Amino acid sequence: MTPALQLRDVRKTFGKVEVIPGASLSVMPGEFVVFVGPSGCGKSTLLRMIAGLEAPDSGDIMIGGARVNGVSPARRGIAMVFQSYALYPHLTVAGNMGLALKQAGMPRAEREAAIAEAARMLALEPLLDRRPAQLSGGQRQRVAIGRAIVRRPKLFLFDEPLSNLDAALRGQTRIELARLHRELGATMIYVTHDQVEAMTLADRIVVLDRGHIAQIGTPMELYDRPANRFVASFIGAPAMNFLPAAAIPGAPPGAETLGLRPDHLAPDPAEGIPTEVTHVEHLGPETLVHATGAGGLLTARLTGAPEIAPGTALRLAPNRAHLHWFDAAGDRL
Ligand SMILES: Nc1ncnc2c1ncn2[C@@H]1O[C@H](COP(=O)(O)OP(=O)(O)OP(=O)(O)O)[C@@H](O)[C@H]1O
């Protein structure tokens, strides 16, 4: 099958700074791929090169099997949804959604059918005659998504589309986006710095570390088998704990660091690592216990609301089925 998108050793430098030192990846038709990484890691630059808003210094960008380097954004068969909704204030919702189709010369009846279909998918039907100023932030973002849908692009590109929404609406819109992806069966590339969005939306996640692809995999692959410390610490909340490899017996040769997820620690008065509790957070169904011990800081996620006070001694034992060993370079062993 021809990949919907392929990057072959794509490089980008701004002035003297190499922002993308060489990225290669393939996205299959219908996949939802999320680019994730901390601020400044180059996610937006990569997305903007795919969109044609930025030119790579070298390398090939292929969309649907055709090389699109040098092809204008409008001719790439893509639709982009930004963090800022970028709606036209003087046009109605329907007008905003249909503008690109009108400009492309699509007949009115066909245009209206496309708008009606997108409005149905996004529950925008009652709002079609409103102007952007009369909409909430979440509704505006849905219009921006609708504007992308009506164009039936080969590739949807999303650049942090939820970051202007409040937490509750972000969660809700995330679920809507996942449903939309299922319903459309479209190929989607999505940029975020939020690992929860990446974990919940992606078929596959691309983790970027200072322009390098640190790992590509399904959410559970990254969670269960992070390729290096960077991915291990970025994926999963609360973050993975890191201790010197000598903290427990059984380190493989070359191990420098032991990674333990908070989910994989449990009190064990006999065998556990001795720690002193520094802080306890009761979240209702679970409790986060923060402690010092074995030459590091440890966070454990315990179920229920155990009575543990700061200052007490607590022995925490790792689940042996979930140990992550890393060498001096930070690579997984
Ligand atoms: N037009 C530009 N000129 C010079 N440097 C740039 C330009 N655009 C981006 N950069 C730099 O390239 C690096 C990557 O930026 P980019 O916006 O791709 O990161 P990002 O991962 O999307 O970050 P954020 O989440 O903060 O948007 C940053 O160091 C940024 O300062």
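The questions below concern a predicted model and ask what its descriptions rest on.

Q: Why is Ala239 called partly exposed?
A: Ala239 has 15 other C-beta atoms within 10 Å. A residue counts as buried at 20 or more and as exposed at 12 or fewer, so with 15 Ala239 is partly exposed. Ala239 sits in the loop between helix 8 (229-234) and strand 11 (241-244). Its C-alpha is 20 Å from that of Arg204, and the two are 35 residues apart in sequence.

Q: What makes strand 3 largely enclosed by the rest of the structure?
A: Strand 3 (residues 32-36) has five residues, and five of the five are buried, so the strand is largely enclosed. The burial holds for both directions: Phe32, Val34 and Val36 point one way, Val33 and Phe35 point the other way, and all are buried.

Q: How do you know that strand 3 pairs with strand 8 and strand 9?
A: Pairing requires at least two bridges between two strands. Five bridges join strand 3 to strand 8 (residues 188-192), and four join strand 3 to strand 9 (residues 204-209), so both meet the criterion. Strand 3 runs parallel to strand 8 and also parallel to strand 9. Val33 stands opposite Ile189 in strand 8, while Val36 has Val207 of strand 9 as its bridge partner.

Q: What makes strand 1 a paired neighbour of strand 2 and of strand 4?
A: The criterion is again at least two bridges. Strand 1 (residues 5-14) and strand 4 (residues 58-63) share five bridges in the antiparallel sense. Strand 1 and strand 2 (residues 17-27) are joined by seven bridges and run antiparallel. Both counts reach the cut-off, so strand 1 pairs with strand 2 and with strand 4. On the strand 4 side, Leu5 has Ile63 as bridge partner and Leu7 stands opposite Ile61. On the strand 2 side, the bridge partner of Val10 is Ala23. Two residues lie between strand 1 and strand 2 in their hairpin, where Gly15 takes a positive phi near 60°.

Q: Why are strand 2 and strand 5 called edge strands?
A: The open sheet has four strands in the order 2-1-4-5, with antiparallel pairing. Strand 2 and strand 5 (66-67) each pair on one side only, and they are the edge strands.

Q: How do you know where the largest nonpolar core lies?
A: The largest nonpolar core has 82 residues, and those with the most contacts inside it include Val34, Phe35, Leu157 and Ile189. Domain 1 (5-232) and domain 2 (238-326) both give residues to this core, so the core lies between them. As a general matter, nonpolar side chains tend to be buried together in soluble globular proteins.

Q: What makes Leu47 and Met80 contacts of Leu157?
A: A contact requires C-beta atoms within 7 Å. Leu157 touches Leu47, Ile50, Ala51, Ile78, Met80 and Ile189, with residues up to four places away in sequence left out. Leu47 and Met80 are among them, so both are within that distance of Leu157.

Q: How do you know that domain 1 and domain 2 touch?
A: Four residues of domain 1 are in contact with five residues of domain 2. By class, the touching side of domain 1 has two nonpolar, one polar and one charged residues. The C-alpha centres of the two domains lie 38 Å apart.

Technical notes:
Residues numbered from 1 in each chain as written. Predicted model: local features only at pLDDT ≥ 70, side-chain atom pairs only at ≥ 80, totals over all residues. Domains from an automatic or database assignment. Contact = placed C-beta atoms within 7 Å. Nonpolar A, V, L, I, M, F, W, Y, C, P; charged D, E, K, R; others polar. Core = buried A, V, L, I, M, F, W, Y, C linked by C-beta atoms within 7 Å.
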